[in-house]
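Visitor: I am new to this structure and would like a short tour. Could you show it to me and then take my questions?

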Amino acid sequence: MNKNYIMQHWYATIYDQKVIQDDFQHILSIIGDTPVNILEVACGSGRISIPLAEAGHSVTGFDIDEYMLARIPHNTGCLTNFKYFKADALSDDWGNGFDVVVLAGNVLVNIITDDDYTRGQELFIKKAAACVKQSGHLYLDFDCVNWQDSSPEHDKEWIVFEGTDDLGTYGKYIVMSGEYSSKTRINKGERRYEITPNGGEMFAVVKPLVKHFPTYEQVISWLEKYGWEIEWQAPVSEETFHAIIWARKI
């Protein structure tokens, strides 16, 4: 069993156990009880998609992370109205004919690309419009924070989560902050995985962590450009730095 498999399996399993959020309840309250056909982009292990399917909606999800997708059968039980597949959200087709597309969990900020981040984020809004029916809806949440400039000299680190998976592997997922530019709105840091396999020696893997925080105004302009009309949004302020938008394709 190679180190990459051990690390990725551990991460997907412990993420599934430790990352507990109740945003799906808010999403469900906005979508409503009447069954609709939903697409969730970057569905992971089904944290949002599965509760939506349990509520009676027909749900399709996709993600590029095969290890997260491998967790879905452990979580779905006997659900027949949820299907999923592996795909790259930037380069692959999302399908079409959906009533609702969900871009939740700060997916815009978490895009991984070697290209321009702003172009990738705009592409998500464009592809969302292409995959829903006329008068279909978009649920979108994203951070639009703009911190003060910081340099690697002021870095810090914290354990996001730790634990033991079903293979007996113990690990820690650690994030190390780094450099932030208020001009580019890009934050650069590192992720470190400290993994101890069952009966083996600890090894560490360090990966770059890059996030681009779009402005609220940027995202609103993309929504207008691709034919989205905002029907409801949560208040955005300097205290929240987070936007939640429900929009209709016109």
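**The sheet and its surroundings**

Guide: Seven strands form an open sheet in the order E3-E2-E1-E4-E5-E11-E10, with mixed pairing. Strands, like helices, are DSSP runs numbered from the N terminus (at least two residues of E for a strand, at least four of H or I for a helix); two strands pair if DSSP finds at least two bridges between them. This is a predicted model, in which local features need pLDDT of at least 70 and side-chain atom pairs count only at pLDDT 80 or more, while totals for chains, interfaces and linings use all residues. Residues are numbered from 1 along each chain as its sequence is written, and side-chain values use heavy atoms, with hydrogens and water left out.

Visitor: Which strands stand at the edges of the sheet?

Guide: Strand E3 (82–86) and strand E10 (228–233) do; each has a single partner strand, so one side of each lacks a neighbour in the sheet. On average, neighbouring strands of this sheet are turned by 20 degrees against each other, direction ignored.

Visitor: In what sense do E1 and E2 pair?

Guide: E1 pairs with strand E2 (residues 58–63) in the parallel sense, over five bridges. Ser58 in E2 is the bridge partner of Asn37.

Visitor: Which strands does H7 touch?

Guide: Helix H7 (residues 216–225) packs on the sheet and touches E5, E10 and E11. Its direction makes about 130 degrees with that of E10; axes are lines fitted to C-alpha atoms, for helices over the stretch in contact, and angles run from 0 to 180 degrees between N-to-C directions.

Visitor: What about H2: which of its residues are buried?

Guide: In helix H2 (residues 23–31), the buried residues are Asp23, Ile27 and Ile31. Seen down the axis of H2, these fall within an arc of 75 degrees, so they line one face of the helix; the arc is that of the directions from the helix axis to the C-beta atoms. An α-helix has 3.6 residues a turn, so residues three or four places apart point the same way.

Visitor: And what do they pack against?

Guide: The buried residues of H2 pack against strand E1 (37–41), helix H3 (49–54), strand E4 (98–103), strand E5 (132–143) and strand E11 (242–249). Contact means heavy atoms within 4.5 Å.

Visitor: Changing topic, is Val107 buried or exposed?

Guide: Val107 is buried, with a relative accessible area of 9%. Its place is in the loop between E4 and helix H6 (117–131). Val107 touches Ala42, Phe124 and Asp141, not counting residues up to four places away in sequence.

Visitor: What is the phi of Ala42?

Guide: Ala42 has a positive phi of about 60 degrees, although it is not a glycine. Ala42 lies in the loop between E1 and H3 and is partly exposed, with a relative accessible area of 35%.

Terms used: Buried < 20%, exposed > 50% of the residue type's maximum accessible area, 1.4 Å probe, protein only.
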